[in-house]
Amino acid sequence: MGEAKLHLKIEDRGMKFANFQVLRETIGHCPAILVELGFLTNSDESAYFLETSNVKATALAILLGMDNYLKIQL
């Protein structure tokens, strides 16, 4: 299976790297990722997630991203 790309109609703010507690505290217990999908206080982003199809597309994008990452790491 080739690299799948899914384009969501939301602004890409890029990746951030920091010492997030939710990630730091789980290292000894299980693998973890932290995904910030948007801001509910942003009217465009909150309206986007009111559509079921957009929620499903976002979940699929996260799944494909994890799948691609795991394929590269193995």
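Helices (H or I, at least four residues) and strands (E, at least two) are DSSP runs, numbered from the N terminus. Glu45 lies in one such run, helix α2.

The model is predicted: local features need pLDDT of at least 70, side-chain atom pairs count only at pLDDT 80 or more, and totals for chains, interfaces and linings use all residues. Residues are numbered from 1 along each chain as its sequence is written, and side-chain values use heavy atoms, with hydrogens and water left out.

**Overall layout.** The protein chain has three helices and zero strands. Along the sequence the pattern is α-α-α. The chain exposes about 6,600 Å² (Shrake-Rupley method, 1.4 Å probe; for residues, only the protein chains shown count as cover). Carbon and sulfur atoms supply 61% of that area. Of the 74 residues, 7% count as buried.

**Two residues.** Buried means under 20% relative accessible area, exposed over 50%, partly exposed in between (1.4 Å probe, protein chains only).

Contact means heavy atoms within 4.5 Å. Leaving aside neighbours within four places in sequence, Glu45 is in contact with Arg13, Gly38 and Phe39. Across the protein chain, 56% of the contacts with a separation of 6 or more join residues 24 or more positions apart.
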